[in-house]
Amino acid sequence: MNSAFLTRRKLFLLIACASALMMGYAFFAQYVQGYQPCMLCMVQRVFVCAVGAVALVAAVHGPGLTGSRIYGVLGALCAMGGAYIAGRHVYLQHLPPEQLEGCAPSFEYAIENYDALKFLKTIFIRDQDCGVIDWTLFGLSMPSWVFAGFVVLFLGSLWAGFRRG
C-alpha cells in the first residue's frame with residue numbers, strides 16, 4: 001500500500017470512524033438488544049467519545065507535524081484512560097461474587113445528585129452489576145473487547161501523530 005495514501009489526516013479520520021463504530025455498537029446493544037450499561041460502561045463511552053473527538057478535530061484541522069504529535073498524544077492519553085477503566089471492569093468481572101461489595105447507583109442518579117468528587121468516587125466503587133457478564137463474543141466479555149479497542153485506538157493515535165509524511 002502506498003504510504004502517501006495513508007496520510008496523518010486520513011489516519012485520524014479512521015480513528016474517529018472507529019470510535020463512532022464503537023459508540024454505534026454500544027447504542028445498538030443498549031437500545032436494540034436491551035443490555036443496560038453499568039457505571040463503568042458509561043465512563044468507557046466517555047473515553048471512546050473523547051478519542052473520537054480528538055481524532056476528528058485533528059482530521060478536520062490537518063495540522064503539521066507538531067500539531068499531529070499533540071493530537072496523537074492527546075488521543076493516546078484518552079485511550080489510556082479508557083483502557084484503564086475497561087481493564088478495571090474486566091478485573092471486576094473476574095472476581096468471585098462474594099468479593100464484590102455493594103452497588104453503585106445508576107449513572108443518571110449519580111449525575112443528578114452527586115457533586116463532581118462524589119461522582120468520580122462512585123465510578124470506582126465495586127459494583128455488583130459491573131461484575132456480571134451477560135454478553136460474550138468468542139468467549140470475551142464486552143469490556144474485554146472495549147479494552148482491545150482502546151489498545152487499537154492508543155496505537156493508532158500514536159501512529160497517526162508520529163508517522164512521517
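A pocket is an open set of grid points where a 1.4 Å probe fits, with protein on both sides within 12 Å along at least five of seven lines. Lining residues have an atom within 4 Å of such a point. This briefing covers a predicted model.

- Helix H1 (8-31) and helix H6 (142-162) each give two or more residues to the lining.
- The lining includes Leu11, Leu14, Ile15, Ala18 and Met22.
- Gly149, Val152, Leu153, Gly156 and Trp159 also line the second largest pocket.
- Sorted by class, the lining has 8 nonpolar residues, 2 polar residues and no charged ones.

**Gln30**
- Gln30 sits in helix H1.
- Gln30 counts as buried because its relative accessibility is 12%, and buried means under 20%.
- Beyond its neighbours within four places in sequence, Gln30 contacts Tyr35, Gln36, Pro37 and Arg45.

**Helix H2 and His61**
- Helix H2 spans residues 39-61, which is 23 residues.
- From first C-alpha to last, H2 reaches 33 Å, close to the 33 Å expected at 1.5 Å a residue.
- Gly62 follows H2 and has a positive phi, near 60°.
- His61 belongs to helix H2.
- At 47% relative accessibility, His61 counts as partly exposed.
- Leaving aside neighbours within four places in sequence, His61 is in contact with Arg9 and Tyr71.
- Arg9 and His61 are 52 residues apart in sequence, yet their C-alpha atoms are 8.3 Å apart in space.
- The side chains of His61 and Tyr71 make a polar contact at 3.0 Å.

Notes
Residues numbered from 1 in each chain as written. Predicted model: local features only at pLDDT ≥ 70, side-chain atom pairs only at ≥ 80, totals over all residues. Heavy atoms only, no water. 1 Å grid on protein atoms, 1.4 Å probe; cavity = no way out; pocket = protein on both sides within 12 Å on 5 of 7 lines; lining within 4 Å. Helix = DSSP H or I, 4+ residues; strand = E, 2+ residues; numbered from the N terminus. Nonpolar A, V, L, I, M, F, W, Y, C, P; charged D, E, K, R; others polar. Buried < 20%, exposed > 50% of the residue type's maximum accessible area, 1.4 Å probe, protein only. Contact = heavy atoms within 4.5 Å. Expected span 1.5 Å × (residues − 1). Polar contact = N/O pair within 3.5 Å; in protein donor to acceptor, adjacent residues only side chain to side chain.
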